[in-house]
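The following note sets out several points on the structure shown below. Please read each point with the model open.

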Amino acid sequence: MMTDTLYINGRFTTTGEKVIGIEDRGLQFGDGVYEAIKFLRRRLIFGADHHRRMEQGLREIDIPSPWSQDEFDAVMSQLLQRTSFDVGFVYVQVTRGECERVHFYPDGLQPTVIAYSRRFQFPDAAKKAAGIRIITTEDTRWKYCDVKSTNLLGNVLAKKRAQRAGAEEALFIDRGVVTEGASSSFFAVSQERLITHPVDHGILPGTVRDRVITLALSERIRVDERPLRDDELYSLDEAFITSTTQGVMPVCEIDDRAVGNGRRGEITQRFQRLFDELEATEAAGGHFM
């Protein structure tokens with residue numbers, strides 16, 4: 001595997017160096033948070049949004065933040081300057097740190113902080129037009145899904161179920177309510193309005209999700225942040241998912257049943273165009289944030 005630039009606890013190296021201790025609580029317990037941040041032209045896309053979400057997650061699970069916004073920007077700037085490619089994502093992870101393996105973590109641990117750049121092939125125009133197939137699955141995750149925890153077992157198993165079913169995403173259903181995708185936010189389109197689950201402990205407050213809502217309001221498109229029943233899924237006009245790696249991606253089929261006419265809808269295509277324009281503006285803005 002090709003090595004990429006790695007930041008670890010204040011120094012730079014490459015991902016070829018083995019750096020995590022065997023008793024790091026991120027390894028032993030999944031005790032940490034992470035972010036994956038897209039970059040174009042070696043400039044972070046919505047970096048401040050990702051940092052804000054990471055800070056919120058760290059507070060929720062009682063891990064001290066390693067960076068102020070300015071410090072975060074400085075580290076990301078150095079990381080991307082050392083990166084040899086222009087397009088990809090930066091993975092950032094903060095764990096509680098390393099100590100003897102006990103459930104009762106001691107106070108005052110020094111967090112383990114890593115960040116590395118990674119090449120990534122984002123969806124091209126053909127993929128954005130074709131869309132994806134998804135399946136539904138029971139939401140068996142822990143009850144703090146608003147924390148972007150490194151403990152992703154429920155998500156991993158759901159994604160594998162989707163792959164085995166010939167789909168590209170799994171949509172979680174919690175007691176009859178659609179929450180979100182295993183690695184994405186979910187939007188339904190019905191009667192020219194968007195429907196998406198409200199922000200609470202049941203979903204991750206997605207950075208792309210938030211931008212799409214802002215775009216919708218600026219376009220005077222109604223957004224209903226409400227629970228969507230699973231029996232509503234099969235009468236939608238359109239549907240799409242959002243994420244850092246997928247952007248705005250049409251959902252053309254759910255559980256082997258076509259959404260709308262089974263092709264990308266006009267509203268979804270409109271949001272793809274608006275969001276692509278927003279990302280392009282960010283990439284051209286000259287900011288490592």
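Buried means under 20% relative accessible area, exposed means over 50%, and partly exposed lies in between, with a 1.4 Å probe and protein chains only. This is a predicted model, in which local features need pLDDT of at least 70, side-chain atom pairs count only at pLDDT 80 or more, and totals for chains, interfaces and linings use all residues. Residues are numbered from 1 along each chain as its sequence is written, and side-chain values use heavy atoms, with hydrogens and water left out.

1. Leu-27 is exposed, with a relative accessible area of 53%, and is found in helix H1 (residues 25–29). Helices (H or I, at least four residues) and strands (E, at least two) are DSSP runs, numbered from the N terminus. Together with Ile-20 and Ile-22, Leu-27 makes a nonpolar surface patch of about 310 Å². Patches are made of residues with over 30% relative accessible area and no salt bridge; like charges are joined within 9 Å, and nonpolar side chains (Val, Leu, Ile, Met, Phe, Trp, Tyr) within 5 Å. A salt bridge is a side-chain nitrogen of Lys or Arg within 4 Å of a carboxyl oxygen of Asp or Glu. Accessible areas come from the Shrake-Rupley method with a 1.4 Å probe, and for residues only the protein chains shown count as cover.

2. The open sheet. Six strands form an open sheet in the order E2-E1-E6-E5-E3-E4, with antiparallel pairing. Strand E2 (11–14) and strand E4 (43–44) stand at the edges with a single partner strand each, so one side of each is left without a neighbour in the sheet. Helix H3 (residues 69–81) packs on the sheet, where it touches strand E1 (5–8), E2, E3, E4, E5 and strand E6 (112–119). The direction of H3 makes about 135 degrees with that of E5; axes are lines fitted to C-alpha atoms, for helices over the stretch in contact, and angles run from 0 to 180 degrees between N-to-C directions.

3. Strand E3 and its partners. Two strands pair if DSSP finds at least two bridges between them. Strand E3 (residues 32–40) pairs with strand E5 (residues 88–95) in the antiparallel sense over eight bridges; in E5, Phe-89 is the bridge partner of Lys-38, and Val-90 that of Ile-37. E3 also pairs with E4, in the antiparallel sense over two bridges, and Leu-40 has Arg-43 as its bridge partner in E4. The hairpin of E3 and E4 has two residues between the strands, and Arg-41 takes a positive phi near 55 degrees there.

4. Burial of E3. Nine of the nine residues of E3 are buried, so the strand is largely enclosed by the rest of the structure. Both faces are covered, with Lys-38 among the buried residues on one side and Glu-35 among those on the other.

5. Two positive phi values in loops. Arg-220 has phi near 60 degrees and lies in the loop between helix H6 (207–218) and strand E12 (223–225). Arg-220 is exposed, at 81% relative accessible area. Asp-256 has phi near 65 degrees, is found in the loop between strand E15 (247–254) and strand E16 (257–258), and is exposed at 60% relative accessibility.

6. Is Leu-194 buried or exposed? At 0% relative accessibility, Leu-194 counts as buried; its place is in strand E11 (residues 193–196). Leaving aside neighbours within four places in sequence, Leu-194 is in contact (heavy atoms within 4.5 Å) with residues including Phe-187, Val-212, Ile-221, Phe-240 and Phe-271. Leu-194 and Phe-240 are 46 residues apart in sequence and 10.0 Å apart in space, C-alpha to C-alpha.
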